[in-house]
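Hello,

Here is the structure for your files. My notes on what turned up follow below it.

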Amino acid sequence: MHRVKILASLLALALLTAGAAFGQADFSRYVALGDSLTAGFASGALFRSAQENSYPALLARQFGIANFQQPLVSDPGISATANFGALTLARLVPTPVIAPIPGQGQPLNLTLNRPYDNMGVPGVTVHGLLTATSGGFNNLILRGTGFTQLQQGLSLRPTFVTLWIGNNDALGSATSGTDQLLTPLASFEADYRAIVAAIASTGAKMAIANIPDVTSIPFVTTLTRFIINPQTGQPVLIGGNPVPLIGVNAGDFVLLTATTAEAQGFGIPTALGGNGQPLPDSVVLTAAEAANVRARVNAYNAVISTVANERGAALVNANGVLTQAATTGIHVGGITYSSAFLTGGIFSYDGVHPTPFGYAYIANLFIDAINDKFGTDVEPVNLFPFVFGFSSSAASTAQVVFDDSQAGPPFVLTREAGRNVLLSLGVPKSVVDGTPAPKPRKPGHGRH
């Protein structure tokens, strides 16, 4: 691995960075610290066409920074699964199938002779940001220098820092169907305070975001807890009541990863064609476990709010906005965006990370918080291309023809979820359900 020449880079930093001061904040040397949400991770991978629209990259453009460096990866990207890149919608009908694109991308600026401006590392926790120097995506972004994300970011002597960290301290529990992987609150607070204190010691101003409710993301909420008739796409009824999956109770969440187990008959009684065994614990988050995860996230966010207030940082309420997306939806330009899987417009194919629109909306949350806190006048990101389509290479992931003989999909949508996807995409109900189409109304008989 190339070793970053940190000391040399500091001498040349003034020549490498161009930005501007706005009111009470100086954005000329902007550094982003965090995890996958900062890195621009999407659809299960790190790849250029998503990274170019990470929220830090969008902020840098609005700050007027011409040379904002990120650890770019060519499409189809690098995922945590060997030899596969980003997830894609491999098949829409008869059942939507989401699968990884075969092959992996390559780092595009691995030899940059200084730390990246966007230091976000997918998968990192609060403790990892403070202490990790290798392992997982750290190897790609920290490049074997022996320095942590925090050390490398602060070596750039930033004038402004964004920090969005802590999601993985809760996410791993939610996506593994347990409450046993949560970071202890005392450890979280100690590490978080150490990170923010280190940033504050440089004199840099900060904007920090809190943690979303990880039990409200599509990965957790998409699948029903009831058995679905594969022929009709409707819940199986006995005595007029839907039949729950074996061992799944009211308030429990069936995770997106349960699709494989359900296809193998788990959770379904033998009388209904299953194997009579309950779903594995790892694909079910019980109501009690979900309540514990939410309570811990709330406790983490109380720490973040307190520290932000103590340090005079702008606080971005990501939790509140993504909760709104999961309940009433977010309304932009006459369009309602929600946390619905595939069709809501906010979450990418992995059901955890945002779409380009989602990241652009988050960038504007940061801008609003920064302007409110520091009296600046940073222009918001123009959402038009994210709502109505792109004209650049960042429009979408690479166009790759997927051969489903090369890899099994990580999940296949249930009949019910697939039916909802098809209907939302405009496929006629008669085609989806196999029923005769209604006769068209005669002109003049519709509502005007």
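**Salt bridges**

Arginine 114 and aspartate 117 join their side chains in a salt bridge, with N to O at 3.0 Å. A salt bridge here means a side-chain nitrogen of Lys or Arg within 4 Å of a carboxyl oxygen of Asp or Glu. Arginine 114 counts as buried because its relative accessibility is 0%. Aspartate 117 is buried too, with a relative accessible area of 5%. The classes are: buried, under 20% relative accessible area; exposed, over 50%; partly exposed, in between (1.4 Å probe, protein chains only).

Before going on, the ground rules. This is a predicted model: local features need pLDDT of at least 70, side-chain atom pairs count only at pLDDT 80 or more, and totals for chains, interfaces and linings use all residues. Residues are numbered from 1 along each chain as its sequence is written, and side-chain values use heavy atoms, with hydrogens and water left out.

The structure holds four salt bridges. One of them pairs arginine 193 with glutamate 310, at 2.7 Å from N to O. Arginine 193 lies in helix H9 (residues 185–200) and glutamate 310 in helix H12 (residues 287–311), so this pair ties together parts that are 117 residues apart in sequence. Helices (H or I, at least four residues) and strands (E, at least two) are DSSP runs, numbered from the N terminus. Arginine 193 is partly exposed, at 30% relative accessibility. Glutamate 310 is also partly exposed, at 48%. Through shared partners, salt bridges link Glu189, Arg193 and Glu310 into one network.

Arginine 48 forms a salt bridge with glutamate 52; their closest N and O atoms are 2.7 Å apart. Arginine 48 is partly exposed at 37% relative accessibility. Glutamate 52 is buried, with a relative accessible area of 19%.

**Overall picture**

The chain has 17 helices and 17 strands. Of its 448 residues, 51% are buried. Contact means heavy atoms within 4.5 Å. Among contacts with a separation of 6 or more, 71% are between residues 24 or more positions apart. The chain exposes about 19300 Å², and carbon and sulfur atoms supply 55% of that. Accessible areas come from the Shrake-Rupley method with a 1.4 Å probe; for residues, only the protein chains shown count as cover.

**Cores**

A nonpolar core is a set of buried Ala, Val, Leu, Ile, Met, Phe, Trp, Tyr and Cys residues joined through side-chain atoms within 4.5 Å. The largest one has 113 residues. Tyr30, Leu33, Leu163, Tyr192, Ile199 and Phe366 have the most contacts inside it. Helix H14 (residues 356–374) gives the largest share of this core, 11 residues. Another core, of five residues, lies apart from it; Ala45, Phe47, Ala50 and Ala86 are among its members.

Leaving out residues up to four places away in sequence, phenylalanine 366 touches Tyr55, Leu59, Thr162, Trp164, Ala207, Ala209 and Val316.

**A buried loop residue and a surface patch**

Threonine 148 sits in the loop between helix H6 (138–141) and helix H7 (149–155). Threonine 148 is buried, at 5% relative accessibility.

Ile335, Phe384 and Phe388 make a nonpolar surface patch of about 310 Å². Patches are made of residues with over 30% relative accessible area and no salt bridge: like charges are joined within 9 Å, nonpolar side chains (Val, Leu, Ile, Met, Phe, Trp, Tyr) within 5 Å. Isoleucine 335 belongs to strand S16 (residues 335–337). Isoleucine 335 counts as partly exposed because its relative accessibility is 31%.

Best wishes
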